Structures are given as structure tokens and as C-alpha cells.
Amino acid sequence: MKLVFATNNQHKLEEVSAILGNSIELLSLKDINCDTDIPETADTLEGNALLKAQYIYNNFGINCFADDTGLEIEALNNEPGVYSARYAGENKNPEANMLKVLDNLREKENRKARFRTVIALILNGKEYLFEGIINGKITNSKQGSAGFGYDPIFMPEGYNETFAELGNNIKNKISHRALAINKLSDFLKTI
């Protein structure tokens, strides 16, 4: 089965491809000659994932899925949430985003956080949603160099290392995105 993953993020594409394995022929936006920066104007992860998937399905007529992910920090009223990619500004700078989170948590003892991914699948015109959540905490400083985004400051529950220290092999088994992609994969096996 061919599916478009509506993303321009090479890190996400590699991560999802590694999780799905050979069961799906995964196409990128580049593969379908889509160079549009699809707007993420919804105020929920579900809404943004659907906007991206609907854009591809409506404009290209191809079965597809899209995701949106947010880091939700309890002490910051679940910020940055849907604004995770642009928390420190519209230029979507991961380093600036991490520094803003660390700065906002400087005086806070509660470091509980979770990553939440929502995947919107459009298959033959029908819409489906899948969610993956991993709980953890925000570290006091950046640790590790693997991964992307907030990985150097997020330590998943049950581990003593951040996503950036654990490496992709472990992260791709336990992450929020892995959980959501596995739900998507299980669903696709039933059709």
C-alpha cells in the first residue's frame, strides 16, 4: 500500500519509515512534488493533523496521513502544546524553543511533561485519528545529541536518559510518535 506522509521534516520521515518498516510504501511530500508549506492554523493537535492530511487528499487525491505533536508541560499549563514547533517564535528554532522551556521552568519544581502525537489518516475519503502519549519530565539542562526538537531535555518515564541520549533505536520503540504510528500500522493491517 502507498501512503503519503504529509511532512517536510526529514527527521520525522526517517523515524516513521523505520517504525513502519516495509509494510507500507511511504511517500514524502517531495515524492509527490508538493512544496507547499501547509498551514497549521488549528488550535489543537487533532485539528492541525487533519488540516495537513485534508490538504494533501483534496489537492492530490492520494491516501495520506499527517501528524502533529506537542510537548505538554504540567507546570506551564500544558505549554507549549500545539505551539511546540514555534514556541520561541515563527522561525521554528529548536534551540530557542528548548531554552525558552528551560527558562520558564527555572523556578519550578514540577518538571512533569508528556509528548503527545496525533495522526490523521485519510483513506479513500474516510478520516481516522490515532494518538500516542509518553509521559516523562523536563531535565534541568540539555543532555545528548541524537534526535531532534525537544529530545535533549525530555526524559521518558522509566529511563535515566533523555530521548537524545537513548538514541533512535530505543526512541523509535517507546516514543509518542512510535505509539501513534504503531496504532496506525495495526489499523492498516486490518483493512
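Start with helix H2, residues 45-60: its 16 residues reach 23 Å from the first C-alpha to the last, close to the 22 Å expected at 1.5 Å a residue (the expected span is 1.5 Å times one less than the number of residues). Helices (H or I, at least four residues) and strands (E, at least two) are DSSP runs, numbered from the N terminus. This is a predicted model, in which local features need pLDDT of at least 70 and side-chain atom pairs count only at pLDDT 80 or more, while totals for chains, interfaces and linings use all residues. Residues are numbered from 1 along each chain as its sequence is written, and side-chain values use heavy atoms, with hydrogens and water left out.

Colour H2 by accessibility. Its buried residues are Leu45, Gly47, Asn48, Ala49, Leu50, Lys52, Ala53 and Ile56 (buried means under 20% relative accessible area, exposed over 50%, partly exposed in between, with a 1.4 Å probe and protein chains only). Their cover includes S1, strand S3 (64-73), S5 and strand S6 (126-138). Just after H2, Gly61 has a positive phi of about 65°.

Next, select Phe65, Leu121, Ile181, Leu184 and Leu188, the residues that touch the most other members of the 19-residue largest nonpolar core. Such a core is a set of buried Ala, Val, Leu, Ile, Met, Phe, Trp, Tyr and Cys residues joined through side-chain atoms within 4.5 Å. Strand S1 (2-5), helix H1 (10-20), strand S5 (112-123) and helix H6 (176-189) each supply at least two of its residues, and H6 gives the largest share, 6 residues.

Then go to Lys171 in helix H5 (residues 168-174). Is Lys171 buried or exposed? Lys171 counts as buried, at 1% relative accessibility. Its side chain makes a polar contact of 2.6 Å with that of Asp151 (N or O atoms within 3.5 Å, within protein one able to donate a hydrogen and the other to accept it; residues adjacent in sequence count only if both atoms are side-chain atoms).

Last, show Phe115, Phe154 and Phe163, which ring pairs link into a cluster. Rings of Phe, Tyr and Trp (its six-membered ring) pair if their centres lie within 6.5 Å; planes under 30 degrees apart count as stacked, over 60 as edge-to-face and the rest as tilted. Phe115 and Phe163 are stacked, 6.1 Å centre to centre with 15° between the planes. Phe115 is in strand S5 and Phe163 in helix H4 (residues 163-166), so this pair ties together parts 48 residues apart in sequence. Phe154 and Phe163 form a tilted pair, with centres 5.3 Å apart and planes at 45°.

Methods
Contact means heavy atoms within 4.5 Å.
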